[in-house]
Amino acid sequence: MGELLLIRHGETTWSASLRHTSYTDLELTPDGERQARTLAAFLAGRRFVTVLSSPRSRALRTAQLAGLTVDAVNEDLSEWNYGEYEGRTTVDIHADDPHWNIWTDGCPGGESPAQVGERLDRVLARVTPLLDRGTVALVGHAHSLRVLGARWIGLPPSAGGRLRLETATVSALGHEHGRQVILRWNQPAPPAPGTVTDSVPQN
């Protein structure tokens with residue numbers, strides 16, 4: 001059985017400032033493009049049965065820079081529709097509604113957890129049979145991919161709240177002894193050779 005790779009898009013100005021972004025079609029920041037290019041080396045050499053992407057430009061651009069050829073755009077991979085909360089941060093929303101929790105409450109004028117779960121279930125129904133032939137890649141967004149991860153292991157959409165997902169990361173879903181499991185989660189691409197990641201005192 002192949003793996004199901006979940007790839008979250010690179011950074012945008014709104015993801016960097018923790019603003020909820022669903023239907024607003026933002027481009028990647030320069031750092032987001034760098035992140036996406038880093039994924040290319042991480043994914044190099046892999047063969048995919050198919051690559052599906054959200055229709056948003058930030059996902060499609062991430063796929064392109066990561067060296068992936070998108071076979072189809074799938075609206076069901078779009079981010080959770082935040083409705084009236086589009087563009088707002090959780091801190092800002094809590095100033096109006098201190099008890100709001102997207103994972104249980106959904107968004108006014110947007111989607112409920114059940115609605116997001118239904119469309120991610122459709123994605124899984126489409127791609128799961130393909131895993132008999134090899135690995136499938138899905139390029140999308142934080143909240144929707146978190147819901148997909150939860151649904152893969154038989155949990156309700158709300159369980160996605162326990163699966164933190166950073167920009168430009170790769171997660172892998174697969175099987176163990178016939179059971180659907182999470183193999184790896186929220187894995188960043190390793191830094192390019194020669195990249196300095198920590199401050200090292202000089203002698």
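## Basis of the description

The model is predicted, so local features are described at pLDDT of at least 70 and side-chain atom pairs count only at pLDDT 80 or more, while totals for chains, interfaces and linings use all residues. Residues are numbered from 1 along each chain as its sequence is written, and side-chain values use heavy atoms, with hydrogens and water left out.

## Parallel strands and a crossover

Helices (H or I, at least four residues) and strands (E, at least two) are DSSP runs, numbered from the N terminus, and two strands pair if DSSP finds at least two bridges between them. Strand β2 (residues 48–53) runs parallel to strand β4 (residues 135–140), with 5 bridges joining them, and in this pairing phenylalanine 48 stands opposite threonine 135 of β4.

β2 also pairs in the parallel sense with strand β3 (residues 72–73), over 2 bridges, and here leucine 52 stands opposite alanine 72. Together with helix α3 (residues 57–65), the strands β2 and β3 make a right-handed β-α-β unit; right-handed means that, with the strands pointing away from the viewer, the path from the first strand over the helix to the second runs clockwise.

## Antiparallel strands

Strand β5 (169–176) is mostly covered, with 6 of its 8 residues buried, where buried means under 20% relative accessible area, exposed over 50% and partly exposed in between (1.4 Å probe, protein chains only). β5 pairs with β1 in the antiparallel sense over 4 bridges, and leucine 5 stands opposite alanine 172 in β5.

β5 is also joined to β6 by 7 bridges, the two strands running antiparallel, and alanine 172 stands opposite arginine 184 of β6. The hairpin of β5 and β6 has 2 residues between the strands, and histidine 177 in this hairpin takes a positive phi near 55°.

## Aromatic pairs

Rings of Phe, Tyr and Trp (its six-membered ring) pair if their centres lie within 6.5 Å, and planes under 30 degrees apart count as stacked, over 60 as edge-to-face and the rest as tilted. By this rule the model has 2 aromatic pairs. The rings of tryptophan 80 and tryptophan 103 have centres 5.5 Å apart and planes at 90°, so this pair is edge-to-face. Because tryptophan 80 lies in the loop between β3 and α4 (90–96) and tryptophan 103 in helix α5 (residues 102–105), the pair ties together parts that are 23 residues apart in sequence. Tryptophan 80 counts as buried at 0% relative accessibility, and tryptophan 103 is buried with a relative accessible area of 10%.

Tyrosine 85 and tryptophan 100 also form an edge-to-face pair, with 5.1 Å from centre to centre and 80° between the planes. Tyrosine 85 lies in the loop between β3 and α4 and tryptophan 100 in the loop between α4 and α5, so this pair ties together parts that are 15 residues apart in sequence. Both tyrosine 85 and tryptophan 100 are buried.

In helix α7 (residues 142–152), 10 of the 11 residues are buried, so the helix is largely enclosed by the rest of the structure. The buried residues of α7 include His143, Arg146, Leu148 and Trp152, and among the elements that cover its buried residues are β1 (4–8), α6 (113–127), β4 and β6 (179–188). Glycine 154 follows α7 and has a positive phi, near 80°.

On a 1 Å grid over the protein atoms alone, a pocket is an open set of points where a 1.4 Å probe fits, with protein on both sides within 12 Å along at least five of seven lines, and lining residues have an atom within 4 Å of a point. The largest pocket holds about 640 Å³ of space, a volume being the space filled by probe spheres set on the points, which are joined across faces, edges and corners. This pocket is lined by 27 residues, of which Arg8, Leu18, Ala142, His143 and Arg146 lie nearest its centre, and α4, α5 and α7 each supply at least two residues of the lining.

Histidine 143 has its place in α7 and is buried, with a relative accessible area of 13%. Leaving aside residues up to four places away in sequence, histidine 143 touches His20, Glu79, Trp80, Tyr82, Ile102 and Trp103, contact meaning heavy atoms within 4.5 Å.

Histidine 9 is found in the loop between β1 and α1 (13–16) and counts as buried at 4% relative accessibility. With residues up to four places away in sequence again not counted, the residues that histidine 9 touches include Arg58, Thr62, His141 and Thr167.
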